[in-house]
Amino acid sequence: MSETEVITPMSEQCPGCRTSKPLDFSFTMAFQPIVDVVDERVWGYEALIRGLAGEGAYTILSKVTEEQRYRFDQACRTKAIEIASRIFPAEGSFLSINFLPNAVYEPAACLRATLSAARKSRFPLTSIMFEFTEGEQMNDVAHLRRIIEEYRRNGFTTALDDFGAGYAGLGLLADFQPDLIKIDMHLIRGIDTSRARQAILSAILYVARELDIVVLAEGIETHAEATTLRAAGVRLMQGYHFAKPAIETLPGVNPAAFESFRFDLGDAEASIAAA
């Protein structure tokens with residue numbers, strides 16, 4: 001048994017626990033800051049899958065068979081919590097964990113290992129955010145809604161990842177409302193020079209305000225992108241412009257990324273108004 005697995009009595013196990021095959025590979029987690037550019041602080045860190053030798057997420061994900069999906073999803077959660085409990089500051093930072101909705105059989109039962117890992121590591125449940133995204137279409141909206149309700153009941157924050165790409169779009173948002181949406185990097189790339197992207201961002205922000213949903217922009221790589229987003233009203237951001245992920249440690253945020261806002265915000269606001 002790997003260090004990330006938690007044994008649950010057979011009588012309490014869901015089908016995934018009983019039938020999922022053990023993992024035959026190892027992995028770890030890297031952490032990337034999510035920053036609040038208004039308060040100029042780190043809001044949280046996203047846990048990202050990496051190989052033990054630093055291999056990227058795709059290398060690890062390509063090893064996961066259909067029969068291992070459930071156990072892999074469970075192992076990712078517990079691994080992220082265990083490492084975060086050792087390296088996170090004493091308080092004030094969210095831990096963001098990706099999960100596979102189609103790997104959750106019964107929401108309450110499938111949370112037992114997560115809750116156990118959090119209790120064992122003394123990691124507060126209210127500091128955990130679950131990002132749900134899926135390459136496959138999520139046809140069972142009622143099931144996804146039950147997952148969200150169960151996670152909220154336990155104090156978790158929920159987020160819709162890759163909003164604006166694939167199946168993570170307005171259709172899902174119309175059926176249920178997470179606490180936070182992460183705008184996909186494809187909509188962010190080059191937003192400082194794209195009138196179309198700026199218009200789409202404006203519409204997303206309007207809908208988010210109406211539904212009381214927090215917006216986070218991910219995949220930010222340039223100062224111009226960050227400044228344009230800040231001028232539009234986005235305060236939570238993530239990307240290489242601020243910091244690259246670091247394996248089993250917390251990378252520092254580039255101080256210049258914050259300082260630049262103080263000088264260029266006025267120009268960005270004027271650009272958006274003109275568009």
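Mentor: Ground rule before the tour: helices (H or I, at least four residues) and strands (E, at least two) are DSSP runs, numbered from the N terminus. This is a predicted model, where local features need pLDDT of at least 70, side-chain atom pairs count only at pLDDT 80 or more, and totals for chains, interfaces and linings use all residues. Residues are numbered from 1 along each chain as its sequence is written, and side-chain values use heavy atoms, with hydrogens and water left out.

Trainee: OK, salt bridges. How many does a search of the whole structure find?

Mentor: Twelve. A salt bridge here is a side-chain nitrogen of Lys or Arg within 4 Å of a carboxyl oxygen of Asp or Glu.

Trainee: Start with Arg-77. Which residue does its side chain meet in a salt bridge?

Mentor: Asp-73, at 2.9 Å from N to O. Both residues sit in helix H3 (residues 69-87). They are four residues apart, about one turn of the helix.

Trainee: Are Arg-77 and Asp-73 buried or exposed?

Mentor: Both are buried. Buried means under 20% relative accessible area, exposed means over 50%, and partly exposed is in between (1.4 Å probe, protein chains only).

Trainee: And Glu-46? What does it form a salt bridge with?

Mentor: Lys-182, with the closest N and O atoms 3.0 Å apart. That pair links distant parts of the chain: Glu-46 is in strand S2 (residues 41-50) and Lys-182 is in strand S6 (residues 180-183), 136 residues apart.

Trainee: How accessible is Lys-182?

Mentor: It is buried, at 0% relative accessible area. Glu-46 is buried too, at 5%.

Trainee: Now Arg-189. What is its salt-bridge partner?

Mentor: Glu-221, with 3.6 Å between the closest N and O atoms. Arg-189 lies in the loop between helix H8 (185-188) and helix H9 (195-211), and Glu-221 in the loop between strand S7 (214-217) and helix H10 (223-232), so the pair ties together parts that are 32 residues apart in sequence. Arg-189 counts as partly exposed, at 29% relative accessibility. Glu-221 is partly exposed as well, at 46%.

Trainee: Which residues do salt bridges that share partners join into one network?

Mentor: Asp-36, Asp-39, Arg-41 and Arg-235.

Trainee: Back to S2. Which strand does S2 pair with in the antiparallel sense?

Mentor: S1, over nine bridges. Two strands pair if DSSP finds at least two bridges between them. In that pairing, Val-35 stands opposite Val-42 in S2.

Trainee: How many residues lie between S1 and S2 in the hairpin?

Mentor: Four. Look at Glu-40 in the turn, where phi is positive at about 55°. Most residues other than glycine have a negative phi. Glu-40 is partly exposed, at 33% relative accessibility.

Trainee: What about the phi of Asp-212?

Mentor: It is positive, about 60°, although Asp-212 is not a glycine. Asp-212 is in the loop between H9 and S7. At 69% relative accessibility, Asp-212 counts as exposed.

Trainee: Which strand do three bridges join to S2?

Mentor: S3 (residues 94-99), and the two run parallel. Glu-46 has its bridge partner in S3, namely Ser-96. S2 is mostly covered, with eight of its ten residues buried.

Trainee: Switching topic. Where does His-241 lie?

Mentor: In the loop between strand S8 (236-237) and strand S9 (246-247). His-241 is buried, with a relative accessible area of 12%.

Trainee: Which residues does His-241 touch?

Mentor: Leaving out residues up to four places away in sequence, it touches Ile-220, Glu-221, Thr-222, His-223, Ala-226, Asn-254 and Ala-257. Contact means heavy atoms within 4.5 Å. Glu-221 is the residue that also forms a salt bridge with Arg-189.
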